[in-house]
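I opened this notebook to record what I looked up about the ligand and its surroundings. The entries follow the order in which I worked.

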Amino acid sequence: MQVVISADYEEMSKAAAGVMAKVVRDKPTAVLGLATGSTPLGMYKELIRLHREEGLDFSGVTTFNLDEYVGLDGSHEQSYRYFMTENLFKDINVNIDSTNVPPGISDDFKASCAAYEEKIRDAGGIDVQVLGIGSDGHIAFNEPSSSLASRTRLKTLTQQTIDDNARFFETPEDVPVYCVTMGVGTILEAKKLILLASGAGKADAVADAVEGPVSSMCTASALQLHPDSIICLDTAAMGKLQMREYYQWVQDKRPGAPRWD
Ligand code: GLP
């Protein structure tokens, strides 16, 4: 795992956008895995700036989002499809037909989840997957106890996640209890993973993910099993890491390190 430390949220967002932009520049037909939540907002803003000011071209890109609430269609302001349109898609030149969000409404979730997985495979797999982290250590909506081999499926949210996400809804009762989420196994198949975390509220979850045992009780810890994962943190989010001085040391030494790629 590569831990990238930034002084604050803005610097972290720019570092993450830099990773994404490189993937798109190196491969104009890249398949991007995208995430919602407040954490990636700064990264999306920077990607929009790179598109407008530096011509970063998304016209050949395909996207797959991690998750969606059950029962909300794309026109609902709290749906993740709506979030992506408002916070990224409408401001870059991605072909909207090449953007994919798991089905929040379906007559047959088993079939539509299998179809989502197949679509990812048909696209050639995900080149880089963006991830946030829940305060309980979840990635996407893979709540504690989710199988580390899980695939895209229906999940029931924990009370903690419902409480965390209630700030986006009028009342906590409006937060959907069910969701569709890529599985941990699906996420681990992406060629590169980039997890973003900001603020002291994420410090425990980050410590469990990066330095704890690999466990379904913190599904973000599955990133330890991935050969190319980047953890972008601001200083508050890294506060509970035992090895934080080492990560900083590695970062300081990186310019002089032997080249790998
Ligand atoms: C939701 C999303 C996750 C996200 C998490 C953290 O649960 N399903 O993908 O990582 O929220 O959100 P935030 O970045 O707002 O803290």
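This is a predicted model: local features need pLDDT of at least 70, side-chain atom pairs count only at pLDDT 80 or more; totals for chains, interfaces and linings use all residues.

Which residues lie nearest the centre of the second largest pocket? I then found Thr-36, Gly-37, Ser-38, Asn-165 and Arg-167 nearest the centre, within a lining of 33 residues.

**Entry on the pocket lining.** I looked up which elements give two or more residues to this lining, and recorded β4 (67–69), α3 (80–87) and α5 (159–165). The largest share, three residues, comes from α5. By residue class, I listed 14 nonpolar, 14 polar and five charged residues in the lining of the second largest pocket. For the space in this pocket, I recorded about 590 Å³.

**Entry on the ligand.** I checked where the ligand sits, and it is in the second largest pocket. Around the ligand I found 13 residues, of which Ser-38, Thr-39, Asp-67, Arg-167 and Lys-202 come nearest. I sorted the residues of this shell into four nonpolar, six polar and three charged.

For Lys-202, an N or O atom of the side chain is 2.6 Å from a ligand oxygen. Arg-167 places a polar side-chain atom 2.9 Å from an oxygen atom of the ligand. For His-138 I also recorded 2.9 Å between a polar side-chain atom and a ligand oxygen.

**Entry on cover.** How much of the ligand's accessible area does the protein cover? I noted that the ligand on its own has 390 Å² of accessible area, and that the protein covers 94% of it.

Technical notes:
Residues are numbered from 1 along each chain as its sequence is written. Side-chain values use heavy atoms; hydrogens and water are left out. A residue is near a molecule or strand if one of its heavy atoms lies within 4 Å of it. A polar contact is a pair of N or O atoms within 3.5 Å; within protein, one must be able to donate a hydrogen and the other to accept it, and residues adjacent in sequence count only if both atoms are side-chain atoms. Accessible areas come from the Shrake-Rupley method with a 1.4 Å probe; for residues, only the protein chains shown count as cover. On a 1 Å grid over the protein atoms alone, a cavity is a set of points where a 1.4 Å probe fits but cannot get out, and a pocket is an open set with protein on both sides within 12 Å along at least five of seven lines; lining residues have an atom within 4 Å of a point. A molecule sits in a cavity or pocket if more than half of its atoms lie within 2 Å of its grid points. Ala, Val, Leu, Ile, Met, Phe, Trp, Tyr, Cys and Pro count as nonpolar, Asp, Glu, Lys and Arg as charged, and the others, Gly among them, as polar. Grid points are joined across faces, edges and corners, and a volume is the space filled by probe spheres set on the points. Helices (H or I, at least four residues) and strands (E, at least two) are DSSP runs, numbered from the N terminus.
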